[in-house]
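Visitor: I am new to reading protein models. Could you walk me through this one, feature by feature?

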Amino acid sequence: MDKNLPALKVRAQSSRHGSEFLIVGGIGLIIIMLVNLLRPGEISIVEIFLATTCIAAIFIGFLKTQEPYFSLTFTQNLLIYHHKIGNWQLNRANFHHSGIPKVEQGLEYLELNAVGIKLNNIDEFLTQIHPRIAGRLLIEQRHLFMQVIQKYCKNGDCPSEWLMEETDYTAPSGQIYKGLIAMFANRTQHLRQLTGYDLLLPANVLDVDIWQFSADLNRWKLNPKEFLETRLQKSKL
């Protein structure tokens with residue numbers, strides 16, 4: 001194994017162009033304010049609309065700049081997910097496969113806008129994730145989970161065990177977890193029961209579409225050295 005092979009860092013599409021949004025929005029707002037100050041009369045509806053648009057651009061740019069510059073890192077043995085409050089790591093040996101989670105909707109199946117990851121050993125993953133990021137992911141990915149269970153929510157009445165994650169969890173190994181880690185573990189258990197996957201990577205943290213990224217993950221699993229060499233070579237072009 002080539003230990004000198006560099007890591008592959010992935011930058012999400014959603015985190016790009018933050019500074020451009022800030023600059024364009026700021027300049028536009030300054031111009032509108034100057035025009036309104038120098039021109040007599042009341043501010044027009046058009047100017048109000050343009051000013052609102054500029055403020056929205058500044059806000060979007062600010063949110064983008066708060067996200068990690070890189071959302072994911074691949075090494076030959078690790079997949080690291082970067083969040084603004086921390087990260088989690090997944091050993092390649094604990095990665096079973098990835099795919100696009102599907103949920104039944106009538107006579108058809110709806111694909112989630114996310115990549116699903118199935119683990120070999122949930123215990124190994126739970127021992128390294130920090131409660132803070134586990135709690136944040138529970139909140140941020142709740143809308144995806146609600147899409148998964150919507151079939152079972154008739155007249156707005158969803159099973160309580162899926163809406164309120166328990167604060168106790170006993171892993172298959174017998175290890176007992178409490179608090180946020182237990183809530184996160186219970187969510188992964190529900191996801192596996194309903195979709196076959198333990199973890200979700202939303203589309204907004206990826207640099208390509210969900211189908212391509214899922215294929216990339218499986219390629220990394222089978223031959224990490226070849227995958228890294230190919231992607232790193234492409235990134236230099």
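Visitor: What percentage of the residues of the protein chain count as buried?

Guide: Buried means under 20% relative accessible area, exposed means over 50%, and partly exposed is in between, with a 1.4 Å probe and protein chains only. Here, 40% of the 237 residues of the protein chain count as buried. Keep in mind that this is a predicted model: local features need pLDDT of at least 70, side-chain atom pairs count only at pLDDT 80 or more, and totals for chains, interfaces and linings use all residues. Residues are numbered from 1 along each chain as its sequence is written, and side-chain values use heavy atoms, with hydrogens and water left out.

Visitor: How many helices and strands does the protein chain have?

Guide: Helices (H or I, at least four residues) and strands (E, at least two) are DSSP runs, numbered from the N terminus. The protein chain has nine helices and eleven strands.

Visitor: Is Leu8 buried or exposed?

Guide: Leu8 counts as buried, because its relative accessibility is 4%. Leu8 sits in strand S1, residues 8-10.

Visitor: Which residues is Leu8 in contact with, beyond its neighbours within four places in sequence?

Guide: Contact means heavy atoms within 4.5 Å. With those neighbours left aside, Leu8 is in contact with Leu72, Thr73, Phe74, Phe227, Leu228, Arg231 and Leu232. Sequence distance and spatial distance are separate things to read. Leu8 and Glu229 are 221 residues apart in sequence, yet 9.0 Å apart in space, C-alpha to C-alpha. For the whole chain, take contacts between residues at least 6 apart in sequence: 67% of them join residues at least 24 apart.

Visitor: Where does Arg11 lie?

Guide: Arg11 lies in the loop between S1 and helix H1 (18-38). Arg11 is partly exposed, because its relative accessible area is 23%. The C-alpha atoms of Arg11 and Phe70 are separated by 4.4 Å, although the two are 59 residues apart along the chain.

Visitor: How many residues does the largest nonpolar core have?

Guide: A nonpolar core is a set of buried Ala, Val, Leu, Ile, Met, Phe, Trp, Tyr and Cys residues joined through side-chain atoms within 4.5 Å. The largest one has 41 residues. Those with the most contacts inside it are Phe74, Leu79, Trp88, Ile117, Phe184, Leu201 and Leu217. Apart from it lies another core of ten residues, including Val103, Leu112, Ala114 and Ile149.

Visitor: What does Leu79 touch?

Guide: Leave out residues up to four places away in sequence. Leu79 then touches Leu72, Thr73, Phe74, Trp88, Gln89, Leu90, Ile117, Leu217 and Trp220.

Visitor: Which residues are buried in H4?

Guide: In H4, Ile133, Ala134, Gly135, Leu137 and Leu138 are buried. The buried residues of H4 pack against strand S3 (78-83), strand S4 (86-91), helix H5 (142-149) and H7.

Visitor: How many cavities of 30 Å³ or more does the structure hold?

Guide: Rolling a probe the size of a water molecule over the atoms shows where empty space is left. On a 1 Å grid over the protein atoms alone, a cavity is a set of points where a 1.4 Å probe fits but cannot get out; lining residues have an atom within 4 Å of a point. Grid points are joined across faces, edges and corners, and a volume is the space filled by probe spheres set on the points. The structure holds one cavity of 30 Å³ or more. The largest cavity has a volume of about 140 Å³.

Visitor: Which residues lie nearest the centre of the largest cavity?

Guide: The lining has 15 residues, and Leu137, Gln141, Phe184, Leu199 and Leu200 lie nearest the centre. Helix H4 (131-140), helix H7 (179-195) and strand S11 (199-202) each supply at least two lining residues.

Conventions
On a 1 Å grid over the protein atoms alone, a cavity is a set of points where a 1.4 Å probe fits but cannot get out, and a pocket is an open set with protein on both sides within 12 Å along at least five of seven lines; lining residues have an atom within 4 Å of a point.
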